Amino acid sequence: MSVPPRRHEFELSGPVAGEFALPSDRAWTEAEMSAVDTLVTHARRSGVTLVVRDPCPDLELQLDAMSLHRRVVIVGRALPEMGEMYTTPEPVSLDPVQVAQQLETLPAEDARRLLVKVVAIEDERYARNRTRPYQDVLPPVLERVAPARTAQLLADSAPVYVTRVLLGDYTRVADTTVGSILEAFPRKVADAVLRVMLAGADHPCRLGPALAACGLTDLLSGLRPDHVLTLLETAPTVLVSAWVARSLSSPQRAELESRGLAVLLEEAAEGMRVRARRGRTSEREPLVATGTRVEREVEEGRWIHVEEVFEGPFGPKRSVADLLEIDPMKVRLEATRSFQRTPVADAAARFGDRAPTCEAFAELGLFQLSKRAADEGALGAINGNFYFDYGHLENAATLGIPVVSVPGVCFGDPVGWFVAKGEELSPPSLGRCAFVVARDGRPWIGRVKMCGLQVGDEVVYWSRENVVPSGGETVVFTSLWGTTSPATPSHVHLAVANGRVLGRVDGGEATIPMTGFLLALPKGDPRVEALPVGTPVAILNDCPVDDVETAVACGPLLVRDGDIAIDFAAEEFGPKDSPVMSFFLPRLIDAYEAARSFVAITKEGKVLLGVISGRSFGRGDLDQPAGMTFGELARFALDLDVEVAMGLDGGGSSSLVTSLDGELRVLNVPTGGSDVPRGEERFIANGILIHRREG
């Protein structure tokens, strides 16, 4: 006699609407946990929100372990301080050394519970945006625990969870550590984890170096040809792609060659950069699942408000976006910035040990975007580029970087190319994406890089960047190299920033300007004497636009030619960190959610200015929109049918302003920050204003 299947308590049946409450007074069974995936899909299609109210402690642990707080709305959840949350068989601190010792010495089951708690704390911090770069706990813990032990503790976990543990933090776990843990897994577990890591925009570029660092050819040989192509196309260096190409099994190579990719494999093996060569646009599924879209005409164009539910990295989630669509031939887009330049040493002294305040930021020349737009008589505005802020001072101290002694750095300086009213305020020393407007109003988005220095009629070109010069070659050093150049007895190092030569060092180490560069010229070169300290210079670049009126470089490039185009290495965000690199941009492309600002150009030549609402550090409830990852933002831009799109500064800086009913209003919900509450604009250093076009 057949027995009818047991009906689990989570099943949705009959007509439902609004929200569906899941049981919260007990832990869920394994069958109920496994039913969540199906239930979430059913609920989304039915327009239902899954809700857990006042979860009991055991259920909270389950939700954290499976990252289910991203898939269901949790209402009334207690959010104690981190130390109160951290309850294990024995009270321990969050010191990485002590946590690692506990994971090594506790019985396996207790150690697993401890690891779950550490991950839960990190996830709670991300959900609340409390985590700051280099203050996460899990990466330094994993570096101290034997890889075989970590593999033992994770072997029974879901592959998505394992991927989060190994790849999901600000601070990157060393490639050799990740590779060693993958090697220690049972093969079936490792293969399942690899399949998850090969999804998304960021994880594949993390996986390749981990496999290469440990020479894991056996794991590589188990990948499908499409996965191999993903590793080749996302490899952060040519060394990684060369290892992949040279380490393929015979069947893998034969399959790829049968697809006409023999030349690609040969080029990769010889150390040539592999570009994406597969047309995936037609295969891409829309990001939007369900949602609403409201439009309203405004003086500068059209305001579009979008609220939608889409598939995020851990399941469906809600997002709120505000867009301004404008005709650049009918309005004028103009960069604006802080009019005050305070050396960072003076700014650091002014802050001292005190937390930053609105008054302090205002004294240093920062501004709230809506007020600047009102003062300038603008129709609207959006925030702009990264800039040297209080957080950079904090992080420089954490990293031991003597930022106060770096020449030419002022509080609020833009990081990257910045042109306002035709005047270049910061050169494109880092080859990042820029939003450019010509004098006649034509917009353009693309990567721009400096290529030379001009003094009068004399032009100085360099052959290479960030390498020790040999012989009589001329090179430049940017902040990607580090804080100081290497001692080179055969060369003179000239520090260039703020449109002039700021310093000179003969043969020895020299400090590299963070918002400029260091020019290394051979001794005896007559151009050395033509460039004494104080000499004004012009920086040449490769931008194809003539008569640049406005340029705001930020990044990353999100979309190009109708496909995702995120490539942090190409934009020189790079693996190195410095106080001007915007630390966490190359990290967590697929996992870190935040408020985002972006600019795009449609196929009809219109400009889209957009902001995604999100949460701020330590503020906001878990049922508020979390924002988007960079991968999601790129997919969202594609769904808007744009030709090209790039990111602007995000987080607490994200603001979009327009004139409604005769007054300027902020369209999005600003996340706030340490200085202002949620809903109020932070003080920023630059932005893009929308003006009426005269005539």
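Visitor: What stands opposite Phe418 in S12?
Guide: Phe418 stands opposite Ser426. The model is predicted, so local features are given only at pLDDT of at least 70 and side-chain atom pairs only at pLDDT 80 or more, whereas totals for chains, interfaces and linings use all residues. Residues are numbered from 1 along each chain as its sequence is written, and side-chain values use heavy atoms, with hydrogens and water left out.

Visitor: What makes S11 and S12 a pair of strands?
Guide: Strands pair if DSSP finds at least two bridges between them; strand S11 (residues 418-420) and strand S12 (residues 423-426) have three bridges, in the antiparallel sense, and therefore meet that condition. The two form a hairpin with two residues between them, and Lys421 in the turn has a positive phi of about 55°. The strands themselves are DSSP runs (E, at least two residues), as helices are (H or I, at least four residues), both numbered from the N terminus. On that basis the protein comes to 23 helices and 31 strands.

Visitor: How do you know that S19 and S21 pair, and where do they sit in a sheet?
Guide: Strand S19 (residues 491-497) and strand S21 (residues 517-522) are joined over six bridges in the antiparallel sense, and Ala495 stands opposite Leu518 in S21. Both belong to an open sheet of five strands, in the order S17-S18-S21-S19-S20, with mixed pairing.

Visitor: Why are S17 and S20 called edge strands?
Guide: Strand S17 (464-465) and strand S20 (500-506) each have a single partner strand, so one side of each is left without a neighbour in the sheet.

Visitor: Which other pair is edge-to-face, and is Phe477 buried or exposed?
Guide: Phe477 and Trp481 form an edge-to-face pair, at 5.1 Å centre to centre and 70° between the planes. Buried means under 20% relative accessible area, exposed over 50% and partly exposed in between (1.4 Å probe, protein chains only). Phe477, at 0%, counts as buried, while Trp481, at 25%, is partly exposed.

Visitor: What places Asp389 among the buried residues?
Guide: Its relative accessibility is 10%, so Asp389 counts as buried. Asp389 is in the loop between strand S9 (380-383) and helix H21 (390-399). Leaving aside residues up to four places away in sequence, Asp389 touches Phe361, Leu366, Phe411 and Arg682, where contact means heavy atoms within 4.5 Å.

Visitor: How do you know that helix H9 is largely enclosed?
Guide: Seven of the nine residues of helix H9 (residues 159-167) are buried, so the helix is largely enclosed by the rest of the structure; among them are Tyr161, Arg164 and Leu167. Helix H14 (residues 225-234) is mostly covered, with eight of its ten residues buried, and its buried residues pack against elements including helix H11 (187-197) and helix H17 (262-269).

Visitor: Why is the arrangement of Arg372 and Phe367 described as a charge over a ring?
Guide: The term requires NZ of Lys or CZ of Arg within 6 Å of the ring centre and within 35 degrees of the ring normal. The charged end of Arg372 sits over the ring of Phe367, 3.9 Å from its centre, and Arg596 lies over the face of Phe630, also at 3.9 Å from the ring centre.

Visitor: What makes a nonpolar core, and how many residues has the largest?
Guide: Such a core is a set of buried Ala, Val, Leu, Ile, Met, Phe, Trp, Tyr and Cys residues joined through side-chain atoms within 4.5 Å. The largest has 57 residues, and those with the most contacts inside it are Phe435, Ile445, Leu558, Phe598 and Leu609. Its largest share, six residues, comes from helix H23 (residues 630-639).

Technical notes:
Phe/Tyr/Trp six-rings, centres within 6.5 Å; stacked < 30°, edge-to-face > 60°.
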